[in-house]
Amino acid sequence: MSEKKLSLDVTEIESEQVSSEVSAYLNKGARMMYASAVDMGVPGIRIDYYFTFDDEIPSRNLALRTYINRKKPILESVTPLTPLADWAEREMIEFLGVQVKNHPDPRHLWLPLNWDDMYTSTHHQEDTQSERVNTSPIAHPPSDNILTKHLSVVPYGPYHPALIESNYLKMSVEDEVVKDADLKLGFNHRSVIKLMERRDYYKDLFLAERICGFCNVHHSLTFAQCVEDIGDITVPKKARYVRTLLGEMERMKSHILAIGLMGDLTGFRTMLMHAIRIREDILDSLEIMSGQRISHGIITHGGIRNDVTPVHTDVILSKLQNLKKEVPEYFEQCLANDVFTGRLHKTGFLTPDVARKSGAVGPIARGSGLNVDIRKNLPYAAYEEVDWDIVTENGGDCYARMQVRMREVLMSLHICEQCCDVIRSAPSELVTQVNELPCGEGFSRTEPPRGELLYHVASNGTNTPDFVRLRVPTFPNVRIMLNLIKGSVIGDVPVIIGSVDPCFSCTDRVTTVNTVKPSVQGGKGS
């Protein structure tokens with residue numbers, strides 16, 4: 001079986017060269033997207049640092065790759081060079097036991113902060129000679145001391161202040177000003193990545209969809225594109241346009257709800273109710289195409305599962321006409337409310353330079369004037385064949401981020417109409433048959449509503465992936481959110497969180513603790 005060339009430009013280096021090579025890439029203008037670690041067994045722990053040059057069209061996917069010893073996994077931190085490595089390195093520390101030297105904040109992000117004391121101090125070991133369950137208490141109870149300052153401490157959580165989504169935000173407050181903020185994750189235990197590495201590629205499409213209810217099309221699409229990259233599979237024209245139509249429908253339903261939630265967070269519940277009403281036409285259109293309103297199951301490897309006929313497109317176009325009338329009216333009503341817009345103006349300000357250096361993606365980046373959109377920078381599906389422009393705003397505050405979402409909804413309506421016109425007359429071929437996948441690796445990036453999503457999938461020639469790694473847009477954006485909260489007044493915190501529109505379920509991780517021999521085994525929770 002032949003080895004397929006990797007879609008990344010990979011450079012293998014020694015572990016001692018990591019800092020200098022990362023610094024060289026950053027000096028050339030590269031943006032670090034993510035860093036992932038995979039236990040390869042005998043070869044050691046493999047570390048991949050992913051880079052891109054967003055100002056180039058089309059963009060290039062680059063990676064620095066190194067291996068470290070499994071018994072003594074020591075690595076020099078690159079977080080002092082770029083904050084984008086911060087959480088990725090903390091992930092390596094927690095789930096693979098990598099010792100990242102000189103990391104500025106190596107605390108647990110997902111595990112309890114005092115996990116070592118909990119499981120390695122005076123905890124009685126269970127009897128390995130019997131099947132008796134060890135019921136003795138742990139040495140120390142879990143601690144949430146994510147923030148300890150001699151100021152008033154205000155907890156938000158363990159739920160999102162806008163949505164019932166598990167996380168724990170803690171703020172140190174002096175009078176009404178937030179002096180510091182910290183976040184604790186680890187409440188959602190799904191371990192989707194580990195499940196993906198134990199199931200075949202077709203079942204993994206449905207697992208990928210369940211990572212996020214708002215971005216399920218993009219998760220399954222990005223995973224499918226990785227597989228198509230490995231197998232060098234060409235997707236038929238009609239399938240590419242249907243994928244684009246699905247992605248833009250998903251963008252509209254997510255953005256409209258995010259705008260409605262911003263109204264709810266500022267005291268205007270009616271704004272949220274109108275958003276839910278308007279979204280019904282979008283959900284109806286998705287149901288027409290796939291038979292489902294939330295998780296669609298229409299994307300498959302090599303194309304789409306079921307046809308979208310001219311009759312379907314006629315109904316969808318009629319729904320789009322309703323949206324073209326109702327959506328601008330809704331946005332005008334939102335912007336005409338001085339109290340609502342006043343809460344957003346000059347709140348959560350993010351400069352373009354900080355946005356670029358901190359790795360902002362999606363509406364967060366474009367709200368600060370960054371011309372970053374994977375649909376243009378690295379076109380996929382049919383985005384290179386339809387007419388559209390990147391939406392940017394220069395305000396850098398919550399109001400600018402909301403405006404980006406509003407204008408992107410209108411742009412998505414324009415894209416959807418073009419897709420329907422092409423789908424109506426496109427050849428009827430829906431899928432390219434996939435017979436066998438060679439050994440190799442696939443890398444794919446897409447642009448969900450919240451920003452850049454990347455998948456890295458490796459094939460060993462069997463029907464299950466060798467490994468799967470992914471980075472969701474909330475992963476970099478929520479770090480930025482914490483910095484935006486610092487210095488704001490406490491009343492603006494929900495508005496700032498709403499403007500970032502985080503998805504903590506996507507970002508979470510899961511661990512399995514072995515109390516016989518203290519160790520941590522980890523897999524992405526999403």
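Guide: In this predicted model, strand S14 is mostly covered, for six of its seven residues are buried. Strand S14 comprises residues 465-471.

Visitor: Why is Arg471 called buried?

Guide: Buried means under 20% relative accessible area. Arg471 has 1% relative accessibility, so Arg471 counts as buried.

Visitor: What makes Glu452 and Arg471 a salt bridge?

Guide: The criterion asks for a side-chain nitrogen of Lys or Arg within 4 Å of a carboxyl oxygen of Asp or Glu. The closest N and O atoms of Glu452 and Arg471 are 3.0 Å apart, so the pair meets the criterion. The two residues are 19 apart in the chain, with Glu452 in the loop between S12 and strand S13 (453-459) and Arg471 in S14. Glu452 also counts as buried, because its relative accessibility is 1%.

Visitor: What makes the link between Glu441 and Arg65 a salt bridge, and which parts does the pair tie together?

Guide: The N to O distance between the side chains of Glu441 and Arg65 is 3.1 Å, and the limit is 4 Å, so the term applies. Because Glu441 lies in strand S12 (residues 440-446) and Arg65 in strand S4 (residues 61-68), the pair ties together parts that are 376 residues apart in sequence. Both Glu441 and Arg65 are buried.

Visitor: How do you know that S4 pairs with S1?

Guide: At least two bridges are needed. S1 and S4 share four bridges in the parallel sense, so they count as paired. Arg65 takes part here as well, as the bridge partner of Glu12.

Visitor: Why are S1 and S2 called edge strands?

Guide: The open sheet has four strands in the order S1-S4-S3-S2, with mixed pairing. Strand S1 (9-12) and strand S2 (31-39) each pair on one side only. The twist averages 20° from one strand to the next.

Visitor: Which helices lie on this sheet?

Guide: Helix H1 (residues 18-27) lies across S1, strand S3 (45-52) and S4, running at about 170° to S4. Helix H2 (residues 86-96) packs on the sheet by touching S2 and S3, and its direction makes about 10° with that of S2.

Visitor: Why are Arg107 and Asp105 classed as partly exposed?

Guide: The class lies between the limits of 20% and 50%. Arg107 has a relative accessible area of 29%, so Arg107 is partly exposed. Asp105 has 23% relative accessibility and therefore also counts as partly exposed. The side chains of Arg107 and Asp105 meet in a salt bridge at 2.7 Å, N to O.

Visitor: Is Thr266 buried or exposed?

Guide: Thr266 has a relative accessible area of 10%, so Thr266 is buried. Thr266 sits in the loop between helix H7 (237-265) and helix H8 (269-290). Its side chain reaches the backbone oxygen of Met262 at 3.0 Å. Beyond residues up to four places away in sequence, Thr266 touches Phe340, Arg343 and Val495.

Visitor: How many salt bridges, helices and strands are found overall?

Guide: A search of the whole structure finds 40 salt bridges. The protein has 17 helices and 16 strands, and buried residues make up 58% of its 526 residues.

Technical notes
Residues numbered from 1 in each chain as written. Predicted model: local features only at pLDDT ≥ 70, side-chain atom pairs only at ≥ 80, totals over all residues. Heavy atoms only, no water. Buried < 20%, exposed > 50% of the residue type's maximum accessible area, 1.4 Å probe, protein only. Polar contact = N/O pair within 3.5 Å; in protein donor to acceptor, adjacent residues only side chain to side chain. Contact = heavy atoms within 4.5 Å. Axes fitted to C-alpha atoms, helices over the stretch in contact; angles between N-to-C directions.
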